[in-house]
Amino acid sequence: METAYKKRLDEFMDYIIAKNPGEKEFHQAVYEVAESLIPFIEENPKYKEAKILERIAEPERVIMFRVPWLDDKGNIQINRGFRIEMNSALGPYKGGLRFHPTVYLGILKFLAFEQVFKNSLTTLPMGGGKGGSDFNPKGKSDNEVMRFCQSFMTELQRHIGPDTDVPAGDIGVGGREIGFLFGQYKRIRNEFTGVLTGKGLNWGGSLIRPEATGYGAVYFAQEMLATRNESFEGKTVLISGSGNVAQYATEKATQLGAKVVTLSDSNGFIYDPDGIDAEKLQFVMELKNVKRGRIKEYVEKYPSAKYFEGQRPWNIASEINGNVIALPCATQNEVSGEEAKHLVDNGLICIAEGANMPSTPEAIEVFLNNKILYGPGKAANAGGVAVSGLEMSQNSIRLQWTREEVDEKLHNIMKSIHATCVKYGTKNDGYINYVDGANIGGFVKVADAMLDQGLV
Ligand code: NDP
């Protein structure tokens with residue numbers, strides 16, 4: 001980066017850090033975007049004069065609230081709820097809810113910030129937002145989860161609506177939680193609207209929504225691979241996580257002829273050198289979605305697989321004979337610089353992020369310096385919110401499209417996001433820097449809308 005740009009970047013980050021103390025994930029997300037955008041903004045002074053970067057990094061509204069609820073023993077529990085309404089230049093705020101003990105303002109602001117660019121890339125009319133709570137659903141009964149969701153929605157309902165802000169799921173918020181949240185919204189507001197996405201199929205949900213993020217990440221990787229005349233056929237895939245995104249990434253990669261050999265959770269990972277085929281994946285889905293068990297139980301059922309306690313899947317790459325694709329699908333900062341180097345030294349050709357910000361800044365540097373096909377989350381995992389957008393469209397016209405129709409639309413959206421990244425990210429030597437591509441491509445549409453709408 002040129003010295004003048006670096007100086008401007010440092011000044012901007014000093015300003016962000018002073019305004020948002022202690023929110024390190026937010027600083028990291030803003031830095032990653034500003035690094036791409038500052039040279040672009042310096043060349044396009046209309047954005048600089050209107051202070052678009054400063055405005056885009058300031059949430060339009062932040063809501064924080066108390067969530068009191070009674071556990072099964074009759075004890076009072078108190079959690080904190082949040083909704084970050086980040087940017088509404090392109091449409092109603094849109095973005096998931098995360099229930100996880102690590103949730104605090106900094107995590108949700110990073111996610112909301114990323115969401116603005118991601119939603120812009122989908123081509124659909126959606127602003128960006130994110131929310132959640134430090135509530136830990138693990139080990140809670142269904143009744144406890146329901147009472148928590150009802151209390152959470154009792155406050156949240158006054159801030160959201162189908163034309164205002166439309167939340168969805170994220171870590172710890174799946175079909176069960178969306179059901180409880182929707183039920184309480186409907187009860188208080190006395191209206192049946194598309195105020196949440198990820199709804200059940202028989203009450204307003206869209207086909208392919210559960211699959212969308214995982215499938216979309218694989219479709220995006222497919223497009224990246226095609227730029228080098230490669231495909232999933234015959235490749236070995238390392239996946240982290242074993243939740244919603246990881247499960248459907250496994251399904252699609254396997255359908256495309258690859259062998260998925262790892263899955264993980266926050267306790268460790270499993271390595272199955274024979275591949276996690278459709279039948280084994282069915283077992284994982286039952287284990288994770290119904291029994292709510294741990295991934296280590298996989299090796300009890302399939303003893304030829306190995307379990308590694310307290311480790312992440314990336315260092316297993318040395319056991320594989322090259323041709324490796326990595327799909328991190330668990331959480332933020334789950335690929336370190338060292339792990340990235342290990343992957344690159346052991347035949348990594350492509351990495352597409354199903355999770356949000358799973359690669360640390362050091363890991364990203366390794367991928368870019370080695371000219372790996374690297375698809376950042378805001379492009380690669382946009383399939384989830386894209387189908388949420390399609391769920392909103394179906395709710396508005398009160399129709400349900402077929403599985404094939406939604407899947408085809410999702411596939412086309414992922415191709416279009418890829419094309420945007422190529423347009424804004426191709427360097428002089430032909431290398432496609434998808435980080436720059438996604439950041440600049442996502443920014444332009446939001447920034448132009450902000451210019452059109454005046455100083456609001
Ligand atoms: P789920 O709750 O379904 O699954 C999350 C998975 O990640 C679980 O296997 C979980 O393990 C693991 N995990 C969570 N936190 C940690 C941690 N701190 N360390 C290690 N493993 C962890 O969530 P999703 O699959 O929906 O989300 C996964 C990622 O994808 C997140 O980054 C999310 O923001 C992103 N994403 C999700 C979208 C969606 O549509 N669902 C859309 C776009 C992005 P454990 O069971 O032990 O907690």
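**Reading loops, a helix, a core and a sheet**

Reader: Where is the place of Asn333?

Author: Asn333 lies in the loop between strand 10 and helix 12 (337-345). Helices (H or I, at least four residues) and strands (E, at least two) are DSSP runs, numbered from the N terminus. Residues are numbered from 1 along each chain as its sequence is written. This is a predicted model: local features need pLDDT of at least 70, side-chain atom pairs count only at pLDDT 80 or more, and totals for chains, interfaces and linings use all residues.

Reader: How do I read phi, and what is the phi of Asn333?

Author: Most residues other than glycine have a negative phi. Asn333 is not a glycine, yet its phi is positive, about 50 degrees. Arg292 is not a glycine either and has a positive phi of about 55 degrees; Arg292 is in the loop between helix 10 and helix 11 (297-301).

Reader: Is Arg292 buried or exposed?

Author: Count the other C-beta atoms, placed from the backbone, within 10 Å of a residue's own: 20 or more is buried, 12 or fewer is exposed, and in between is partly exposed. Arg292 has 12, so it is exposed. Asn333 has 16 and counts as partly exposed.

Reader: Which residues touch the most other members of the largest nonpolar core?

Author: A nonpolar core is a set of buried Ala, Val, Leu, Ile, Met, Phe, Trp, Tyr and Cys residues joined through C-beta atoms within 7 Å. In the largest, of 112 residues, the answer is Phe220 and Ala249. Apart from that core lies another of 21 residues, including Trp69 and Phe99.

Reader: In what order do the strands of the open sheet lie?

Author: Two strands pair if DSSP finds at least two bridges between them. Here 7 strands form an open sheet in the order 9-8-7-6-10-11-12, with mixed pairing. Its edges are strand 9 (306-309) and strand 12 (373-375), each pairing on one side only. Strand 11 (residues 348-352) runs parallel to strand 12, joined by 3 bridges; Cys350 has Leu373 of strand 12 as its bridge partner.
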